[in-house]
Every structure is written in structure tokens, then in C-alpha cells.
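This report goes through the backbone, the cores, the domains and the chain contact in turn. The structure is shown first.

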Amino acid sequence: MKIAVCIKQVVTREWQLRVNDAKTWIRDQDASFELNEPDAYALEEALRLKEKHGGEVVVCSAGPARAAQVIREAMARGADRAIHIESDALAAADAFAVADAIAAAIRDEQFDLVLTGLQSDDQGFGQVGVVLAQKLGMPHATIIMEVQVSPSSGSEPGSLRVKRELEGGWFQWMILPLPALLTIQSGINQLRYATLKGIMAAKKKEIRKVTPSSAPVDAPALRILGVHFPEKGKKTQMIAGSSAEAAKELIKRLREDARVI
Amino acid sequence: MVLVVAEQRGGKLNRATWEAIAAAQQAGGPVKVALLGSGLDAPAAELAAADVAEVIVVDSAALEEYTADGYVAALAGLVERESPALVFLAHTYQTRDFAPALAARLGRPLVTDVTAIKKQDAAITYTRPVFQGKLTAEIGASGPAPHFVTFQIGAFRADAAGRGAAPAPVRKADVTIDAGAIRQKPEAPFKEAKQSVDLSQAERIVAVGRGIKAQEHLKIAEQLAQALGAELAASRPICDAGWLPMDRQVGSSGQTVAPKLYLALGISGAIQHLVGMKGARTIVAINKDAEAPIFEIADFGIVGDLFEIVPAMIAELNK
């Protein structure tokens with residue numbers, strides 16, 4: 001099975017966000033970056049499917065030159081090669097622009113299965129995977145917690161049986177024909193980490209660089225007009241002092257003011 | 001005209017549909033509601049009570065079970081015929097499954113997870129969280145109408161949806177769907193082996209998030225829960241890691257709780273978690289990051305090291 005995994009480089013959760021001077025995005029020049037968490041689960045799922053059914057895992061990332069960091073990491077974990085659609089503009093582009101760029105870069109490769117994380121930790125639109133499926137003409141299913149593959153045999157085309165997560169603890173199995181696209185939910189599997197051997201091997205693996213073509217001018221587009229830190233909705237009583245003092249004061253207020261203990 | 005796409009399963013309306021109707025009414029102008037499925041008399045009558053111009057029913061055996069292909073086909077036809085200025089949906093898992101494909105198929109912009117809209121002349125600005133709620137973004141959309149907008153659960157109040165003086169007319173739309181073209185074949189929805197813990201009944205909950213750092217540190221959270229007479233719960237990453245069973249998870253994919261006291265330890269407060277617990281009467285947040293979104297909804301907050309604060313709380317409670 002030939003599997004593509006779409007991955008995104010995002011700022012680490014620990015990085016203290018700073019807004020740029022124009023107040024239109026973050027000031028990420030001195031940020032630290034990591035692999036978007038749901039994408040890490042998508043990659044792991046692809047590697048497990050390859051181990052079971054054979055084939056190839058190709059990671060695909062649309063972003064600036066620095067995205068090479070997560071591409072190398074994905075190859076160190078076991079991906080066979082990579083496609084890097086290199087563009088500074090794609091770092092904070094909307095889902096349609098990203099999906100267009102990825103579709104153009106992978107269409108000719110005829111993948112059997114395309115996996116993405118269900119959403120990114122930065123913009124979080126949750127759209128790229130499903131829009132990409134539409135652009136590639138593939139059926140899709142989202143928020144997937146288990147993947148079973150029936151490979152093609154003879155004239156029978158292959159198919160998938162996947163477990164979709166619904167809300168409130170409900171699930172649903174769904175069958176769809178290959179080729180298909182799935183968006184993967186965090187927690188579907190246990191992640192592996194790169195070994196030293198994997199890191200060494202990754203250095204020899206191929207990264208195909210692609211330059212995105214510019215989008216048509218009349219394409220639907222979203223534009224970030226501004227970003228700001230959210231206002232507090234509630235009057236939060238912040239309790240200061242040393243840990244011991246704050247703990248004591250909190251217990252007092254929970255007993256006497258809130259009366260919940 | 002704003003077209004609201006309702007959501008139902010087995011004839012039962014999703015409550016978030018009323019939130020989308022409330023958002024549409026607040027946006028101004030006529031509102032119509034589209035309802036898809038099979039055998040929809042009861043939910044259609046329920047929706048007709050809303051103060052809307054019309055309820056449009058797309059009734060087809062091919063739509064009895066939800067599929068992305070079925071919904072995209074039906075709604076693409078309906079939207080082209082009704083030509084609304086805006087299409088509003090609740091940002092549910094189901095919407096997330098089909099709305100991006102629908103917008104892409106029609107070549108229309110889609111803004112997801114919106115918490116507020118501002119209208120200025122003809123231009124609309126959409127407010128939505130980015131970076132897991134640590135920042136708020138104002139978004140503009142360009143491209144031909146309609147624009148598709150999905151609203152974060154809880155951003156609008158379902159009970160704010162206006163009711164009409166008389167029931168709105170219900171019209172059956174003439175949309176044919178080729179069942180053979182639907183590529184997804186769904187099986188019946190199910191719940192995992194029954195949950196052993198019903199957190200919805202708990203009076204007090206101590207919940208842990210990523211800030212607990214390691215499984216062996218759960219002990220101090222357990223001790224605090226015991227001292228408070230509370231149940232132990234967690235945000236999704238803790239259950240994903242297998243540190244606590246899935247039935248202890250609070251949030252959109254886990255349980256929804258409304259205890260008297262919800263004490264969040266090292267939980268940053270991603271929206272997927274907040275929707276499951278913001279109904280708690282008193283919310284306490286302890287987190288080392290002063291910018292963590294959990295503090296926006298907390299009644300009491302301490303910015304600090306939970307590994308110092310929690311033992312001090314246990315000592316104080318056991319005095």
C-alpha cells in the first residue's frame with residue numbers, strides 16, 4: 001500500500017506566544033517548533049499499516065524551509081521519503097490554499113491512502129484533510145480511531161473499515177473503498193520515537209521539493225485581520241503568594257465563599 | 001437569507017442546531033432551516049416552532065444514515081437552488097466531516113469554529129480561537145456567496161433562539177440523491193463497553209491534564225481527590241497516553257460534567273475540554289502558564305507549580 005501522510009510543523013505547546021507588531025500573527029522567529037500532535041498519530045498509523053501490509057510511507061508537508069525539521073523527524077521514525085512544498089506564504093495560509101498545494105504535489109503519485117491529523121494545533125480549522133479529499137476525488141472519513149484494511153486482490157479493489165469517533169462516547173464503523181483519505185484522531189495508537197539508527201537512516205532519504213503554483217485570484221480565501229489575547233469572560237479571583245499560602249487561601253475560599261467543600 | 005443546516009440522528013435534533021439558529025437570527029435578515037434525513041416529521045415540526053421563514057426538508061432513504069457523500073450531494077443541490085448569503089452550521093463532529101468537502105465542491109469559503117460575528121456594512125468579520133484558544137483571531141472571508149460558517153458549541157445559547165408566533169411553513173425540497181454514488185457505508189453507532197464511571201453525577205471532580213507530566217504523579221491528584229471527596233478525571237491527552245482509562249475523560253469526546261466543584265490541575269483548557277466542564281458551578285484552575293485559557297473560565301486561579309500547591313492543599317484539608 002502506498003500511503004501519504006500530511007504533516008504540519010507548529011510552534012511547541014510550551015512556547016510563550018508573542019504577537020507580531022502588525023498584530024496579524026505570532027512572532028515566531030525565535031519560537032521552537034514541533035510536529036503537530038494529531039499528525040504524529042497519523043504518521044504512526046501509516047507506519048503500522050505499512051508494517052502489516054507492506055508498501056511505502058511518504059510524508060508531505062506544506063510550509064517554509066524550517067518545516068524540514070519535522071520532515072526529517074518523520075523519516076527518522078520510519079517514513080520512506082518526503083515531499084516538501086516549500087513556501088513561506090503557506091505557514092499561515094488558509095485550508096483551501098494548503099489543500100490545493102498538497103493536491104497538486106501528490107496527485108500524480110496515485111496514493112492508495114492519504115492520512116492527515118484531524119486538525120492543526122495552530123490555526124485549527126480542521127479543514128485541510130477533507131478539502132484535500134474533495135480535490136483528489138477520494139472518499140473520506142474523519143476523526144478515526146481504528147483502521148482495518150482489506151487490500152485489493154485480483155479484480156477486487158481494496159477497501160477500508162474504519163472506526164469514527166462521534167460525540168459523547170459514541171463510535172461508528174464505516175466501510176469505504178480505496179483510494180481514500182482519513183483524518184486521524186489523537187490517541188488512536190501509541191507513538192514511537194526515532195531511534196539513533198532511524199535518525200542516521202533519515203539523512204539518506206529523499207526529500208522532493210516542490211514549488212507551489214499561485215492560487216487563482218478569484219479563489220475563495222480567508223484572511224487573518226488580527227489576533228489578540230482573549231478577554232476573560234469571568235471575574236477570576238487569582239490567588240497569589242507562596243505555594244503554601246495560596247493553597248491555604250484557596251481552601252479557605254472554597255469553604256467560606258464558594259461553599260463547595 | 002441565512003440558511004441553517006440542522007443536525008439530527010434518528011429523528012432527534014442536536015441541541016447545537018438551536019445555537020446555530022440563534023446565531024442566524026442575530027445576524028439579521030430572513031432565516032431558513034434545512035433538515036436532512038428520512039422520516040423527519042417530528043424534528044421538522046420541532047424546528048418549525050423557531051422564528052424562521054421556512055423549514056426545508058430533504059427527505060430521502062439515501063439520507064437515513066448520515067454519510068459525508070450523501071450530505072454533500074444533497075446540500076450542494078439545495079444551496080445552489082436557495083442561493084443563501086450565508087450558511088450556518090454547528091461545529092459538531094458531523095459538520096466537521098462534511099462541511100469542508102461541501103464548501104470545496106461549491107468553491108465557497110468556510111470559516112470554522114466561530115465564536116462571534118461582526119457585521120460592518122457588507123463585510124463580516126468572524127471571531128475564532130487559534131493556538132488552542134491561547135489567541136483569538138479576527139477573520140475576513142472573500143469569494144462568492146454563500147460563505148459557510150460553523151459555530152463553536154456553546155458560543156451561542158440554544159435558549160436564545162427566538163420562537164415564532166405561529167409555526168413556520170415546512171416545505172419538502174425536491175432533491176434526488178443517487179444512493180449508488182455514496183461511497184461510505186456506515187454501520188450502526190455504538191458505545192464502547194459500558195462506562196464504569198459516571199462522572200456526570202459527581203459533586204466534585206479533580207481533573208488532571210498534561211501538566212501532571214508523568215503517570216506516577218497521578219498519586220498526588222488521587223490523594224487530593226480523596227481529601228476533597230472528589231472523583232478523578234482527566235483531559236484527553238492523559239487518557240490517550242493510557243495513564244487513566246477513557247471513561248475518566250472529560251470533554252467533547254468524553255463525558256460532560258456539571259459538578260459543584262471542578263478543580264483543574266495542569267489543564268491548559270483547549271476548547272475540546274472546556275465544552276465538557278464549563279457548566280461546573282465553581283471552577284478552580286492551577287497551572288504554571290498564566291496565559292492558559294482555563295483561567296478565562298475559572299472562578300479561582302493559582303499560577304504556580306502544582307507539585308508544590310497540591311501537597312499543600314492536601315495538608316491543609318487533612319488538618
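## Terms and model

Helices (H or I, at least four residues) and strands (E, at least two) are DSSP runs, numbered from the N terminus. The model described here is predicted.

## Backbone features

A:Lys23 is placed in the loop between β2 (9-11) and β3 (33-35) of chain A. Its phi is near 55°, a positive value in a residue other than glycine.

In chain B, a positive phi is found at B:Ser83, a residue other than glycine, with a value near 35°. B:Ser83 sits in the loop between α3 (68-82) and β6 (86-90) of chain B. B:Ser83 counts as exposed because it has 10 C-beta neighbours inside 10 Å.

Cis peptide bonds are the next topic. In chain A, the bond from A:Leu178 to A:Pro179 is cis, with omega near -5°. A:Pro179 belongs to the loop between β9 (170-177) and β10 (180-184) of chain A. In chain B, the bond from B:Ala145 to B:Pro146 is cis, with omega near 0°. The loop that holds B:Pro146 runs between β10 and β11 (147-151) of chain B.

## Nonpolar cores

The largest nonpolar core has 137 residues. The residues with the most contacts inside this core are A:Val5, A:Val59 and A:Ile102 from chain A, and B:Val4, B:Ile21, B:Val33 and B:Phe88 from chain B. Helix α3 (residues 95-106) of chain A gives the most to the core, with nine residues. Another core, of 53 residues, lies apart from the largest one; among its members are A:Val260, B:Ala221, B:Ile238 and B:Phe295.

Which residues does A:Val59 touch, leaving out those up to four places away in sequence? With that exclusion, A:Val59 touches A:Val5, A:Ile7, A:Leu43, A:Ile71, A:Ala74, A:Met75, A:Ala79 and A:Ala82.

## Domains

Chain A is divided into domain 1 (2-210) and domain 2 (230-261). The C-alpha centres of domain 1 and domain 2 of chain A lie 42 Å apart.

For chain B, the assignment gives domain 1 (2-181) and domain 2 (199-317). The C-alpha centres of domain 1 and domain 2 of chain B lie 34 Å apart. Seven residues from domain 1 of chain B and eight residues from domain 2 of chain B take part in the contact between them. On the side of domain 1 of chain B that touches domain 2 of chain B, two residues are nonpolar, four polar and one charged.

## Contact between the chains

How many residues of chain B are in contact with chain A? The contact takes in 73 residues of chain B and 65 residues of chain A. On the side of chain B that touches chain A, the largest share comes from strand β10 (residues 135-142) of chain B, with eight residues. The class count for this side of chain B is 32 nonpolar, 17 polar and 24 charged residues.

One bridge partner pair is A:Ile224 and B:Ile139, the latter in β10 of chain B.

Technical notes. Residues numbered from 1 in each chain as written. Chains lettered and ligands numbered in written order. Predicted model: local features only at pLDDT ≥ 70, side-chain atom pairs only at ≥ 80, totals over all residues. Contact = placed C-beta atoms within 7 Å. Nonpolar A, V, L, I, M, F, W, Y, C, P; charged D, E, K, R; others polar. Pairing = 2+ DSSP bridges. Domains from an automatic or database assignment. Buried ≥ 20, exposed ≤ 12 C-beta atoms within 10 Å, placed from the backbone. Core = buried A, V, L, I, M, F, W, Y, C linked by C-beta atoms within 7 Å.
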